[in-house]
Amino acid sequence: MDKRYQLRGYSGPVANQVIELAEPDITLGRDLSNDIVVSDSEVSRNHARLIWQDDGYTIQDLRSTNGTWVNGNSAMRAAKLAAGDMVAVGKVSVFVFELVPEPETDTTREQEASELPDLIESTMLMPAWQAEALKAREVVRARPLSPSAQLSPGRSFHQRYAAYLQSGDSDGLLSLYHPDATLLNTDASITGTAAIAEFFEQYFGGLGSFSAKPAGKYVEGYDAILCETTVETADIVARVHDVFVFRDGKATHQFTCTMEITSKLAKSPE
């Protein structure tokens, strides 16, 4: 095994644990007989198995109660792991599979982690797509959008979303979502086409005249993006972060958080 890999805990009881994978056959589960013991009631006694083959690790679920997921996909059949993959065991315990970092990269990684927004971690509620949002967190970077000729599906989605938002096109916005999509923010959870259509109607009615433009911060992970939009009305300028999780090119979940609001109204003299 020329390459050295590790599992780094990202959420649930395994958060902040770092486990180097040093053997070619590794079992994981709640029982103390396992090579990796996960103290989580949602993890089965003998939950999953990692095997070194073809210059890398695969993972397979051992018919656990709550499943093993790689980037949101079931690992009932052996799944090949790549650095950066998110491995969820049970409902809340999630690891990131990664190369063991060289000593000189530790400071850089810690600095990058400290700059990550709290939005994803604070709004993840469902294990089926938890790994997708965490994947976006793992690769988050502040960078400008690429030219249109080089747009990825995620960037293209973001620009269409902002354009429909800017024009107040509710039908255009609805075309970006699955019929059973869910929108979450700090005040509400909205599911289904009819409810989302009503939400946008109320949203546009409450804003009045406004502009919405993609900002420079952008994240693209495995079937998930985090993007920043600047929304400006007559009274305020708001910096809004949205996380979208995709299936077949359309959003299944959207988390929205207003990160900053600046008033444009002049302060009254004292």
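Q: Which strand is the place of methionine 259?
A: Methionine 259 sits in strand β18. The model is a predicted one.

Q: Is methionine 259 buried, exposed or partly exposed?
A: A residue counts as buried under 20% relative accessible area and as exposed over 50%, with partly exposed in between. Methionine 259 has a relative accessible area of 32%, so it is partly exposed.

Q: Which residues does methionine 259 touch, if those up to four places away in sequence are not counted?
A: Methionine 259 touches Arg239 and His241. Take histidine 241: along the sequence, methionine 259 and histidine 241 are 18 residues apart, while in space their C-alpha atoms are 6.7 Å apart.

Q: How many helices and strands does the protein have?
A: There are six helices and 18 strands. The protein has 270 residues, and buried residues make up 44% of them. For contacts between residues at least 6 apart in sequence, 46% join residues at least 24 apart.

Q: How do strands of a sheet pair?
A: The strands pair through backbone hydrogen bonds, and the pairing is either parallel or antiparallel.

Q: How many bridges join strand β1 to β11, and how many join strand β10 to β11?
A: Strand β1 (residues 5–11) runs antiparallel to β11, and six bridges join the two. In that pair, tyrosine 5 has leucine 99 of β11 as its bridge partner. Strand β10 (residues 86–89) is also antiparallel to β11 (residues 93–99), with four bridges between them. Valine 87 stands opposite phenylalanine 95, and alanine 88 stands opposite valine 94.

Q: Why can β11 be called largely enclosed by the rest of the structure?
A: The reason is burial: six of the seven residues of β11 are buried, so the strand is largely enclosed by the rest of the structure.

Q: Which strands form the open sheet with mixed pairing?
A: That sheet has five strands, in the order β4-β3-β5-β6-β9. Its edge strands, β4 (36–37) and β9 (79–80), each pair on one side only.

Q: How is strand β6 joined to strand β5?
A: Five bridges link β5 (residues 48–52) and β6 (residues 57–61), and the two run antiparallel. Arginine 49 has glutamine 60 as its bridge partner, and isoleucine 51 has threonine 58. The two strands make a hairpin with four residues between them; aspartate 54 in the turn has a positive phi of about 55°.

Q: How many bridges join β6 to β9?
A: Two bridges join them, and the strands run antiparallel. In this pair, threonine 58 stands opposite lysine 80 of β9. As for burial, four of the five residues of β6 are buried, so β6 is largely enclosed by the rest of the structure.

Q: What volume does the largest pocket have, and which residues are closest to its centre?
A: The volume is about 520 Å³. There are 24 lining residues, and the closest to the centre are Phe199, Tyr203, Val240, Thr256 and Thr258. Elements giving two or more residues to the lining are α4 (153–167), β13 (177–184), α6 (193–207), β16 (224–233), β17 (236–247) and β18 (250–263). The most come from β18, with five residues. By type, the lining has 15 nonpolar, seven polar and two charged residues.

Definitions and conventions. Residues are numbered from 1 along each chain as its sequence is written. This is a predicted model: local features need pLDDT of at least 70, side-chain atom pairs count only at pLDDT 80 or more; totals for chains, interfaces and linings use all residues. Side-chain values use heavy atoms; hydrogens and water are left out. On a 1 Å grid over the protein atoms alone, a cavity is a set of points where a 1.4 Å probe fits but cannot get out, and a pocket is an open set with protein on both sides within 12 Å along at least five of seven lines; lining residues have an atom within 4 Å of a point. Grid points are joined across faces, edges and corners, and a volume is the space filled by probe spheres set on the points. Ala, Val, Leu, Ile, Met, Phe, Trp, Tyr, Cys and Pro count as nonpolar, Asp, Glu, Lys and Arg as charged, and the others, Gly among them, as polar. Two strands pair if DSSP finds at least two bridges between them. Buried means under 20% relative accessible area, exposed over 50%, partly exposed in between (1.4 Å probe, protein chains only). Contact means heavy atoms within 4.5 Å.
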